[in-house]
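Please look over the sequence and the three-dimensional model shown here before reading on. The paragraphs after it lead through a few selected places, one after another.

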Amino acid sequence: MRYFITLNYDGTRYHGWQIQPNGLSVQEKLQWGLSTILRNDGLQVTGAGRTDAGVHARMMVAHFDVESLPMAPDDLVYKLNRLLPQDIAIQAIRPVAPEMHARFSATSRTYHYYIHTVKDPFRRAYSCELHYPLDFVKMNEAAALLLTYEDFGAFCKAHADVKTTLCRVTSAGWHQTSPTSWYFEITANRFLRNMVRAVVGTLIDVGRGRLSLDDFRKVVEGKRRTEAGESMPANALFLEDIKY
């Protein structure tokens, strides 16, 4: 049987979601926890996508296959939460049809990137502190342009092992939550490695007046990572939602 796991995690001390040869990952810890409780050393966990080192997830979905589950799903949730570290929390486990796939059956993913403009010790771990004026009207005009393109090679990490840089962005924009804090929300069917942080860095260049809207278009159309803005710090990025 196939089961979907819904979880969230603080990515601060992890080298991303995917198992790494030389660093601790969320996938590794989850797979270890399930294997330990179910006494199944061959169990493998497949995630809905890959978050980079230091990136967080308010919602991640993964699946695993077992011949039979020796306990109720809610009991497994309880046992996993007792075993796993405090920075990983299991929300639910449910059986799904065998053809459902955590990654390939997903229809969209949504990310948020958080920024604030005053020094705040309580935001520093999960938001990026910036101290220059930003034109959010222009930044939203540039963000709206993302919906008119399909190739986002300009925002893909150099030498990334991807077969295509095509994505379908369905929404993108900045939202203010207080006089000194905003977040950028973007939804797409898929994302390239480092894409959101590169998009945010380029939009901030627009907000600072370093790029015009025409310049932003040229960056996207040029498909060259070297022409786009810097990659913003990982700690302010959250995978917020996944739709199936």
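**A walk through the predicted model**

At 40% relative accessibility, R58 counts as partly exposed, where buried means under 20% relative accessible area, exposed means over 50%, and partly exposed is what lies in between, computed with a 1.4 Å probe on protein chains only. This is a predicted model, in which local features need pLDDT of at least 70 and side-chain atom pairs count only at pLDDT 80 or more, while totals for chains, interfaces and linings use all residues. Residues are numbered from 1 along each chain as its sequence is written, and side-chain values use heavy atoms, with hydrogens and water left out.

The side chain of R58 meets that of E240 in a salt bridge at 2.6 Å, N to O, the term standing for a side-chain nitrogen of Lys or Arg within 4 Å of a carboxyl oxygen of Asp or Glu. Because E240 lies in strand β9 (residues 237-243) and R58 in strand β3, the pair ties together parts that are 182 residues apart in sequence; helices (H or I, at least four residues) and strands (E, at least two) are DSSP runs, numbered from the N terminus. E240, with a relative accessible area of 16%, is buried. Side chains of opposite charge can pair when their charged atoms come close.

Strand β3 also holds H56, which is buried at 1% relative accessibility. Which side chain makes a polar contact with the side chain of H56? The partner is D10, at 3.3 Å, a polar contact being a pair of N or O atoms within 3.5 Å; within protein, one atom must be able to donate a hydrogen and the other to accept it, and residues adjacent in sequence count only if both atoms are side-chain atoms. When neighbours within four places in sequence are left aside, the residues in contact with H56 include Y9, D10, A125, Y126, N235 and F238, contact meaning heavy atoms within 4.5 Å.

The structure holds 9 salt bridges, and one of them joins the side chains of R13 and D87 at 2.5 Å, N to O. R13 lies in the loop between β1 and α1 (26-38), and D87 in the loop between α2 (73-83) and β4, so this pair ties together parts that are 74 residues apart in sequence. R13 is partly exposed at 44% relative accessibility, whereas D87 is buried with a relative accessible area of 16%. In another salt bridge, the side chains of K243 and D241 meet at 3.2 Å, N to O; K243 is partly exposed at 45% relative accessibility, and D241 is partly exposed at 21%.

The last stop is K138, found in helix α3 (residues 136-145) and partly exposed, with a relative accessible area of 37%. Although K138 and V206 are 68 residues apart in sequence, their C-alpha atoms are 6.8 Å apart in space. Not counting residues up to four places away in sequence, K138 touches V206 and L213.
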